[in-house]
Amino acid sequence: MAAEEHAAESMGMIEKVHHNLNIWHIPQEPWHLGSIGGFPIDLNPSTIIFTWVAMGLVLLLGFFFVRGANVRQPTKMQTMFEMVLDFLRGLVDDNMDKKKGDEIFSLVITFFLFITMCNIVGLVPSMMAPTADVQTTAAFAVITFVMMFYMGIKHKGGKYFAHYLKPYPFFLPITILEDLAKPVTLAFRLFGNMKGKEIMIYALLALITGIPWACGGFTASVVWLGFGLFVSFIQAFIFTMLTIAYIGMACADDH
Amino acid sequence: MLEFNATFFAQLFHFVVLLVLLRIFVYKPVLNIIEERRKLVADNIASAEQQRAEAEKLKAEYEAEMQKAREEARNIIDRATKAAEEQAQEIIEQAKAEALRQKEAALSDIQREKDKAIAELRDQVASLAVLVARKVTRDGLTVEAHDRLVQDAVKEVGQLQ
C-alpha cells in the first residue's frame, strides 16, 4: 500500500515538474488539423516544435560549417565538420563499396547530425527531445527500412528477395521477422534511451524542487546531464552505424 | 506514450526536407572542397615526385662532371709538377756547368798571370844582373864577391819558381 502511494506521489511529482517546466506554454494535447479521407491530422505540438528547433540548429550549424570554407585554409568549424564527415565516410566505406557509399552518404550524415541535435535539444530542461517521441524514431527507422529495400533492389534487382530463402526456404518466416525487427529495434532503442533520459531529468529536478531532504538532487542532476550528453551522441552514432550496416548488408555482393 | 498519429508523417516530411536542404547548402560545398583538396594534394605529390626525379638526374650529371673536372685538375697538376722538376734539373745542371767553366777560366787566368810574372821577373833579374855586372866592372870586384853575387842571384831566381 505504502509503496503504491509513494509511487503515485512521485509520479505526480514528475508530472508536476513536467508541467511547471513547460514555460513555453506548448499545449500537451495534440493539434487537430482536420482530416484527409477520414484520417485525422493530429500532431504532437512539442514534438513538432522541437523538431523545428533541432532542424534550425542543424541548418545554423551547417551554415557555420560552410561559411568561409575553402580548400587551402580550412576554418575551425570546417575542420571539425570534415573530421565528422571523414569518420562517417570511414564507417560507410567499411560496409560497402565507394559507389554505393556515395549514394547513401547524404542520408548517413543527416541521420547523424539530426539525431544528435534532436537528442541534445532534449537535454535543455523545459525542452523535449523530438527523439523521445516514438513517432520520430519510427519515421527515421522507416526511412532506413525503405532505403534497405531501395538499395537492395537497385543493386541486385529481383535477386534481392532471394536472401529470404537462404540458407533454406523454410527459414522464410524467420528471415521476414528478422527484417521486420530491424526498423522496430532501431526505433525503440533510440526512443527508449531518449525517453528514459528525459524522465530521469524530470525525476532529478523533482528531487531538487520537491523533496528538500534529497539534497543530492542537484549534483545528481548535473551528473545526469553530462551522462545524457554522452548517451545522446552514442545513440545517434548507434542509429547511424546500424543504418549503414543494414543498408550495407542489403546491397552487399554475394560471395 | 505509444500513440501514433500524423506526427509520424510530419517527421518523415521534416527529415526529407532537412536532408534536401543540407544536401544543397552544406554537403555539396564541403564535399567539393574536400574533393578539391584531395586533388590538390595529389597534384602536389605528383609534381614533387617529378621534381625530385629531375633533381636526382641533375645531381648525377653534376657529380659526373665534377668527377671529370677533378681528374683533369689532377692531370694538370701532375704535368706541372713534372715540368717543374725537369726545369729544376736543367737549371742545376746549367749552374754546375757554369761553375765549372768559371773555375777553369779562373785557373787559366791564374796560370797566365803566373807565367807573365815569372817572365817579368826573369827580365828584371837579367837587367839586374847586367846592372850588377856593370857596377862590378866599373868598381872592381874580388872573385869571391863575384861568386857570391852570382850565387845569390841564381838562388833568388830559383825561389821564384
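**View 1. The hairpin of strand 1 and strand 2 of chain A, with A:G37 at a positive phi near 55°.** Two residues lie between the strands of this hairpin. The model is predicted: local features need pLDDT of at least 70, side-chain atom pairs count only at pLDDT 80 or more, and totals for chains, interfaces and linings use all residues. Residues are numbered from 1 along each chain as its sequence is written, and chains are lettered from A and ligands numbered from 1 in the order in which they are written. Strands (E, at least two residues) and helices (H or I, at least four) are DSSP runs, numbered from the N terminus. Strand 1 (residues 31-36) of chain A pairs with strand 2 (residues 39-43) of chain A in the antiparallel sense over four bridges; two strands pair if DSSP finds at least two bridges between them. A:P40 in strand 2 of chain A stands opposite A:S35. A residue is buried if 20 or more other C-beta atoms, placed from the backbone, lie within 10 Å of its own.

**View 2. The largest nonpolar core, with 60 residues.** A nonpolar core is a set of buried Ala, Val, Leu, Ile, Met, Phe, Trp, Tyr and Cys residues joined through C-beta atoms within 7 Å. A:V108, A:F114 and A:I247 have the most contacts inside this core. Helix 4 of chain A gives the most to this core, 13 residues. Leaving out residues up to four places away in sequence, A:I247 touches A:I104, A:M147, A:M148 and A:M151. Another core, of six residues, lies apart from the largest one and includes A:I201 and A:L204.

**View 3. The contact between chain A and chain B.** Chain A puts 34 residues into the contact and chain B 26; two residues are in contact if their C-beta atoms, placed from the backbone, lie within 7 Å. On the side of chain A that touches chain B, the largest share, nine residues, comes from helix 2 of chain A. That side divides into 22 nonpolar, nine polar and three charged residues. Ala, Val, Leu, Ile, Met, Phe, Trp, Tyr, Cys and Pro count as nonpolar, Asp, Glu, Lys and Arg as charged, and the others, Gly among them, as polar.

**View 4. Chain B, with two helices and zero strands.** The radius of gyration of chain B is 62 Å, well over the 15 Å that the globule rule gives for 161 residues, so chain B is more spread out than a compact globule. The radius is taken over C-alpha atoms, and the rule is 2.2 Å times the number of residues to the power 0.38. The C-alpha trace of chain B spans about 190 × 30 × 25 Å along its principal axes. Of the 161 residues in chain B, 7% are buried.

Definitions and conventions. A residue is buried if 20 or more other C-beta atoms lie within 10 Å of its own, exposed if 12 or fewer, and partly exposed in between; C-beta atoms are placed from the backbone.
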